[in-house]
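Open the model in your viewer and show the side chains.

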Amino acid sequence: MAVGPSIDELHFATEPSVDEVPGPNSRKLLERQREIDSNAVAYPRRVPIALEEARGATVRDADGNTFLDFFAGIGVLNVGHSNPYVLEGTQEQLESIAHTIDFPTEARVDLIEKLRTIAPGGLAGSSNVVFGGPSGSDAIEGSIKLAKHNTGRHGILGFEGAYHGTTAGALSLTAGKKYKKGYGPLLADAVHVPYPTRDAGAGGRDACERCLDAVKRKFEAPYGGHETPAGIWVEPIQGEGGVVVPPEGFLQGLRDIADDNDAMLIVDEIQTGLGRTGEWFATDHFDVTPDAITMAKALGGTGLPIGAMLYHEKFDTWGPGGHVGTFRGNAPAMVGGLRAIEYIESHDLLSHATALGQYLRDRLDEVAETTPELVDVRGKGLFVGAEFVDADGAPGADIVETIQTRCYENGLLVWNAGRHGNVLRLIPPLVLTREQAEVGMNILCNAIRASTTEGRN
């Protein structure tokens, strides 16, 4: 018997309903925010909207405009906004106890046991979980400590195009210079090597081997210039880097290099985990068992903050206090995560995400046939990227921004990604219905055609 309502019952509507955007109430709140909030605020600069309420794959602004949400809080809301089955559990937990540090609770132990069950490959049933601060960045920090503690080495290896967070250690692994500017020096023992992108011929064995060879040299070249890394940190599909799916054999090659050099393989599933790609974890697509995976975002079930790392039990060598954080016992978020997993299982959302993601990519492929600016469509499940270039073949960031604005004006929320901001990123909730997908893609495809045709005239 299915838990909670069907996915058809979760939303405000099937279609968006937009009048004036931003409306007067949104403009008022946006102005108040500009006066007193931090200059670090980013998203309202691109999509000027003041949010009031949300259900399923729909959000409503302060003026009553209803939008289809193909962004899901950067992949946080896998079972949708305000999922009743998840909310019921989190509200009950709030009324009982919310802050538990790391004392045992039913919520904590049940979530750990569930994560051990759905963990990728050989981690299933043979793993432990550690909670620290309530963010993906903290999960990465914990993984850096775990790798250094278990290997006795201090070097860390990441990839060009990577995003792992913005605390000091995580930022050292993050590749984007815009995130680091003015904040150095960070960890001096961090190195970055190429990730097999489209420009490098992603999908071809040559590109894969070149990138793996670069990794191998950092471990084995006697004059490689850096300390031998304690581990390899990799996104199984790069998110901020542009929804880049590596070729077959890449993750297995990393696994082999880590094994040959007594290093740990840590896979960042913060954006790709909990069903986003049509599998519980994107690693499952590549039949590779990492030593550890980091999680956050969708783990809180309904947007509640929680970060965690799951790792093979043989690496559980640190003692009490080996990794801590005041908010490592967010019991409502733990209930939310457990209930989100149960909802995904009960409604077969892994298969749904696989089929619906293929539909989104098929629609984009159809547009690409007559749109030379749309040069690549990629992804797995409901993790979709569409890459654009301008008439000269240069990264088309302006095109993506124009598409995004047109979508917003017509009731669809989408975002960008990519090293040059020229990738349209679609990460809707897994509860998006087929009818909503069709409506949203009609809006998006029309926006692409209008924006690219305009650029040619």
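**Aromatic stops**

Across the whole structure, a search finds nine aromatic pairs (Phe, Tyr or Trp rings, the six-membered one for Trp, with centres within 6.5 Å; planes under 30 degrees apart are stacked, over 60 edge-to-face, the rest tilted). This is a predicted model, where local features need pLDDT of at least 70, side-chain atom pairs count only at pLDDT 80 or more, and totals for chains, interfaces and linings use all residues. Residues are numbered from 1 along each chain as its sequence is written, and side-chain values use heavy atoms, without hydrogens and water.

Select Tyr43 and Trp415. Their rings form a tilted pair, 4.6 Å centre to centre with 50° between the planes. Tyr43 sits in helix α2 (residues 43-46) and Trp415 in strand β14 (residues 415-417), so the pair ties together parts 372 residues apart in sequence. Helices (H or I, at least four residues) and strands (E, at least two) are DSSP runs, numbered from the N terminus.

Colour by accessibility. Tyr43 is partly exposed at 34% relative accessible area, while Trp415 is buried at 11% (buried is under 20%, exposed over 50%, partly exposed in between; 1.4 Å probe, protein chains only).

Next, select Phe67 and Tyr408. Ring centres lie 5.9 Å apart with planes at 0°, so this pair is stacked. Phe67 belongs to strand β3 (residues 66-69) and Tyr408 to helix α13 (residues 397-409), so parts 341 residues apart in sequence are tied together. Both Phe67 and Tyr408 are buried.
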